[in-house]
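Me: I have a chain open here and have not looked at it before. Can you walk me through it?

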Amino acid sequence: MEMFQLPELPYPLHGLEPVLSKEMVDLHYNKHHRGYVANLNTFMDKYQEAKEKKDLSSLIILQSSIQFHGGGHWNHSFFWTCLAPSSQGGGVMTKGPLFQAIEKDFGSFDRFYEKFIMDASGVFGSGWCWLGYNPFTKHLEIVTTQNHGTLGEKRLVPLLVVDVWEHAYYLKYKNLRSDYLKSLWTIINWSAVEGRFIKSVI
């Protein structure tokens, strides 16, 4: 049995239309995400073999591939839960604890939105834009990571992530990344994001 599995989407492939078409989600989920899972399992098998042989050189070399494909798998699995169809509350932000924390840390929700879109638009090449909670400073932070870097590397609790690799949006939005980001904002699963925030501050 494979160590890692492709998680089920929390909605049908067409559930995020018109923001993300069925074709876009199918390509992203069934090709790209599935590919990261398959490659991760392959490299984990090789790592186990090298570990049994006490082949330190191979163990060191394999770590970068495991980190890349493992990050791709983890980030995508988290990304899918950050979205929701409009019919299921996607895009709806209530003025609860998360909204209040955003206003406190960013000045207003509009300023938070502008900064998030600006930072996500400005990711050089491929990467991710996150909203995380810093358990040490007790503040929210917007952070970007390159390629498949995870927020755990920054010692932040992940609350929200947006994929800004070209494969996430190019099929419909071409080179207009900011248009993709603004459209994606209308299907953010704020209920799930707030749930994570509440758990992180308890």
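Predicted model: local features only at pLDDT ≥ 70, side-chain atom pairs only at ≥ 80, totals over all residues.

Me: How many helices and strands are in the chain?

Reply: The chain has 7 helices and 3 strands. In sequence order the pattern is α-α-α-α-β-β-β-α-α-α.

Me: And what is the radius of gyration of the chain?

Reply: The radius of gyration is 18 Å. A compact globule of 202 residues would have one near 17 Å, so the chain agrees with that. The C-alpha trace spans about 55 × 40 × 30 Å along its principal axes.

Me: What share of the residues is buried?

Reply: Buried residues are 47% of the 202 in the chain. The accessible surface is about 10,700 Å², and carbon and sulfur atoms hold 55% of that.

Me: What about contacts between residues 24 or more positions apart?

Reply: Those residues account for 67% of the contacts with a separation of 6 or more.

Me: Charges next. How many positive and negative ones are there?

Reply: There are 20 positive and 20 negative charges, and their mean positions are 3 Å apart.

Me: Which way do strand 1 and strand 2 run, parallel or antiparallel?

Reply: Antiparallel, with 8 bridges joining strand 1 to strand 2, which is residues 139-146. Gly127 stands opposite Gln146 of strand 2. The two strands form a hairpin with 4 residues between them, and Lys138 in the turn has a positive phi of about 65°.

Me: And how many bridges pair strand 1 with strand 3?

Reply: The pairing with strand 3, residues 157-163, has 6 bridges and is also antiparallel.

Me: Where does Val164 lie?

Reply: Val164 is in the loop between strand 3 and helix 5, which is 170-173.

Me: Is Val164 buried or exposed?

Reply: Buried, because its relative accessibility is 0%, and the cut-off for buried is under 20%.

Me: What does Val164 touch?

Reply: Leaving out residues up to four places away in sequence, Val164 touches Ala120, Val123, Gly125, Gly127, Trp128, Tyr169, Arg177 and Leu181.

Me: Which peptide bond is cis here?

Reply: The one from Glu17 to Pro18, with omega near 5°. Pro18 is in the segment before helix 1, which is 22-52.

Me: What is phi of Asn147 and of Arg155?

Reply: Phi is near 50° for Asn147 and near 60° for Arg155. Asn147 is in the loop between strand 2 and strand 3, and Arg155 lies in that loop as well.

Me: How exposed are Asn147 and Arg155?

Reply: Asn147 is partly exposed, with a relative accessible area of 38%. Arg155 counts as exposed because its relative accessibility is 58%, and the cut-off for exposed is over 50%.

How values were computed:
Residues numbered from 1 in each chain as written. Heavy atoms only, no water. Rg over C-alpha atoms; globule rule 2.2 N^0.38 Å. Buried < 20%, exposed > 50% of the residue type's maximum accessible area, 1.4 Å probe, protein only. Contact = heavy atoms within 4.5 Å. Areas by Shrake-Rupley, 256 points an atom, 1.4 Å probe, with all protein chains shown as cover. Lys, Arg positive; Asp, Glu negative; His and termini not counted. Charge placed at Lys NZ, Arg CZ, Asp CG, Glu CD. Pairing = 2+ DSSP bridges.
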